[in-house]
Amino acid sequence: MGVILSPDTSEMAAATGVVVRVFARTDVGRTREHNEDAFLVADLRAEEALRFDDGEAPARPQEVLTGNPGMLFIVADGLGGAAAGEVASHMAVQTVFDTLRNRLAGPAADPARFATALRDATLAANEAIHLHAQRNRELHGMGTTITAAALLGDTLFLAQVGDSRAYIIRDGAAQQITKDQSLMQKLVEAGEITPEQAELSARRNIILQALGPETSVKIDLTHQLLRRGDLLVLCSDGLFGQVRAEELAQIAATAPDLDALCRDLIDRANDRGGPDNITVVAARFDGAALTPPSTGDAVGHQAFLLAGQTEERRTPSESVPVTATLPPR
């Protein structure tokens, strides 16, 4: 179990460290027969992820004093049809959690070691899913997106494959801190279409890679320095396909707590047809270890380069959609 703090301990934590309040929820939506999304919230010092009622949400928001190595938040959106997508997404979140805990056992992790462990845990999930599909014919070709955010001190490190998203809401504005690995994103970056056109395109769900279908995968490894009061929202495309970033910020500003925020966001997506599974993880960060936000703070997609790496830039002509090998989402 995770560490659930009493009010007295919480006050001490707020004075000396980082306090994380988190809530999560998933919903099948209005048109799908079963839910292929998965999520995980975990204290990386614990043996198990925080327990959730009926696999959907904690009985109350979890309040955790972060230490080294900190907290882990994951959203995964399975693909492959039938039960394959569900198998892939659940394998992904569990493999990343188990592998990351094992890799971080022992001495306190520095940022490079921590980020490397997160990357390697995501690669391990790709290998596990791919091998499982190879051994089970009915699951051949299954895959999943993943967006995993891990907290070390005052910094979030993120590993992403696919198009599930992470946002930071700060000072009333929602800023995407991941970059979709999608055909539309590449076309927007090349200036061939506008973001508004991408949102309306019939090809907006074409992703360039996922965990599982191929033997190798490239992890988008990024980082984000947190400030006091920041709200992290991880979500699958069942949410962001129906609710824009500005609406996300507006709903967050009026929701009385994180439980209500998750419910309100899912309700909004369902009110607009709920064409896909919808998953939301919301975490608010507080405590004296975080400084207040200030003008000039960088919020957005920021690559974290490990030793010997250089940031790769690819044009749409160099990025080939793998829709021939990825089953329908």
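Axes are lines fitted to C-alpha atoms, for helices over the stretch in contact, and angles run from 0 to 180 degrees between N-to-C directions. This is a predicted model, in which local features need pLDDT of at least 70, side-chain atom pairs count only at pLDDT 80 or more, and totals for chains, interfaces and linings use all residues. Residues are numbered from 1 along each chain as its sequence is written, and side-chain values use heavy atoms, leaving out hydrogens and water.

**View 1. Crossing of helices H2 and H3.** The axes of H2 (residues 84–103) and H3 (residues 111–135) come within 8 Å and cross at roughly 140° (helices, H or I, at least four residues, and strands, E, at least two, are DSSP runs numbered from the N terminus). H2 is therefore oblique to H3 (angles under 35 degrees count as roughly parallel, over 145 as roughly antiparallel, 65 to 115 as roughly perpendicular and the rest as oblique). Residues in contact (heavy atoms within 4.5 Å) include Met91 and Leu100 of H2 and Leu118 and Ile129 of H3.

**View 2. Buried residues of helix H7.** In H7 (residues 245–254), Glu247, Leu248, Ala249, Ile251 and Ala252 are buried (under 20% relative accessible area, exposed being over 50% and partly exposed in between, with a 1.4 Å probe and protein chains only). Their cover includes strands E8 (165–170), E9 (173–176) and E11 (231–235), and helix H8 (258–271).

**View 3. Asparagine 270.** Asparagine 270 lies in helix H8 and counts as buried because its relative accessibility is 6%. Not counting residues up to four places away in sequence, asparagine 270 touches Asp27, Gly29, Arg30 and Ile278.
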